[in-house]
Amino acid sequence: MASPMEQFEVHPIIPIEVGGLDISFTNASLWMVIVVAVTALFLTMGASSRRLVPTRMQSIAELSYVFIADMIRSAAGTEGLKFFPFIFTLFMFVLFANLIGLLPPIGFHPFTVTSHIAVTFSLAFFVFLMVIFVGLWRHGLGFFSLFAPKVPFVMLIILIPIEVVSFLSRPISLSVRLFANMLAGHTMLAVFGTFVVALASAGGALSFLSIAPLLAITAVSALEFLIAFLQAYVFAILTCIYLNDALHLHEHH
Amino acid sequence: MAPDNSDDSKAQRLAELEQRLKEARGRGEVRHTESPPSSMGIAFRLVSELLAGVIVGGAIGWGLDAFFGTAPILLIVMFLVGVAAGFFNVIRAAREMNEKRPKG
């Protein structure tokens with residue numbers, strides 16, 4: 001029987017090697033291309049009709065746009081809207097990667113690119129770099145006052161290292177959360193799936209019992225849809241919160 | 001009756017709509033679309049914040065030890081700093097969650 005982790009394996013489709021580096025086009029790359037293509041198609045098709053009374057497609061596209069714009073405004077202020085394209089792209093990519101990963105196997109198994117820490121960490125690392133650059137560009141070296149809360153000097157000796165580690169831990173927590181959620185959810189689905197098959201093929205009263213894991217898998221699937229959306233939202237809103245730190249240092253919105 | 005499309009009446013109708021929306025919001029008919037995060041979401045958020053602090057702190061300590069050859073002093077120190085940073089993260093995240101929750 002297939003291992004529940006088999007769905008996460010990366011296989012090269014077109015092997016490419018440049019200077020000893022393996023940069024093959026893998027199934028992960030393929031599904032990333034698919035995610036980007038579907039997102040682009042969905043948004044351009046949604047926006048193309050430009051009707052005053054929107055169609056369903058247009059409505060969803062507009063809703064997602066307004067949703068993110070509102071989120072940025074409330075978390076990072078109006079200044080944060082400058083970074084709308086970045087955050088919107090991030091949100092849509094994560095959301096569609098999560099949702100496409102949940103498609104049932106139709107001859108081939110959809111690959112969840114966000115279940116790999118290499119992918120989520122790259123995204124989180126871009127956020128991290130952007131926050132540093134925005135902070136330095138806006139406040140110059142004053143950006144580093146982010147690490148020094150307003151407390152007596154003696155406390156700073158302890159607090160500055162803590163704040164620095166806390167700051168450095170952001171991309172880790174951002175990426176680990178998304179990847180762990182996806183990995184756990186899909187593993188759970190696969191394990192329950194093997195229970196259904198094993199019980200159903202056992203025969204007798206046992207095959208009757210296979211209804212229990214089947215019900216569980218249905219419930220977990222529904223939960224996974226919620227998590228797919230929630231994690232994309234969390235990723236985007238935390239990006240906004242970090243951005244707010246860089247834009248406004250110690251103020252709050 | 002054909003709708004009057006002069007700018008004045010448009011502005012007036014817009015103001016009326018605004019008023020009706022405000023009343024509906026007051027009655028709780030138009031709900032805020034943002035749903036509270038699920039308990040599992042909150043748990044995942046807090047756990048990952050704590051873990052990230054500890055992992056980063058430990059990793060920095062390990063790296064510095066390897067660099068200066070002072071094993072295991074810096075690993076221990078930075079691990080403790082990482083634990084503290086993890087708790088900082090958790091407290092900060094929890095505070096954010098409380099701020100977002102509607103009052104009352």
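Tutor: Helices (H or I, at least four residues) and strands (E, at least two) are DSSP runs, numbered from the N terminus. This is a predicted model, in which local features need pLDDT of at least 70 and side-chain atom pairs count only at pLDDT 80 or more, while totals for chains, interfaces and linings use all residues. Residues are numbered from 1 along each chain as its sequence is written, and chains are lettered from A and ligands numbered from 1 in the order in which they are written.

Within α2(B), the buried residues are Phe44(B), Arg45(B), Ser48(B), Glu49(B), Leu50(B), Ala52(B), Gly53(B), Val54(B), Val56(B), Gly57(B), Ile60(B) and Gly61(B). Buried means 20 or more other C-beta atoms, placed from the backbone, within 10 Å of the residue's own; exposed means 12 or fewer, and partly exposed lies in between. Just after α2(B), Gly69(B) has a positive phi of about 65°.

Chain B has 3 helices and 0 strands, in the order α-α-α along the sequence. Of its 104 residues, 19% count as buried. Among contacts in chain B with a separation of 6 or more, 58% join residues 24 or more positions apart; a contact needs C-beta atoms, placed from the backbone, within 7 Å.

The contact between the chains takes 20 residues from chain B and 14 residues from chain A. On the side of chain B that touches chain A, α2 (39–68) and α3 (73–100) of chain B are the elements that give two or more residues. α2(B) gives the most to that side, with 12 residues. The side of chain B divides into 11 nonpolar, 7 polar and 2 charged residues. Here Ala, Val, Leu, Ile, Met, Phe, Trp, Tyr, Cys and Pro count as nonpolar, Asp, Glu, Lys and Arg as charged, and the others, Gly among them, as polar.

Chain A, the partner, has helix pairs of its own. α4 (residues 117–139) and α7 (residues 211–248) of chain A pack at about 20°, with axes 8 Å apart. Axes are lines fitted to C-alpha atoms, for helices over the stretch in contact, and angles run from 0 to 180 degrees between N-to-C directions. α4(A) and α7(A) are therefore roughly parallel, given that angles under 35 degrees count as roughly parallel, over 145 as roughly antiparallel, 65 to 115 as roughly perpendicular and the rest as oblique.

The contact of α4(A) with α5(A) divides into 11 nonpolar, 2 polar and 1 charged. In the loop between α4 and α5 of chain A lies Gly140(A), which is exposed, with 9 other C-beta atoms within 10 Å.

Note on methods:
Two residues are in contact if their C-beta atoms, placed from the backbone, lie within 7 Å.
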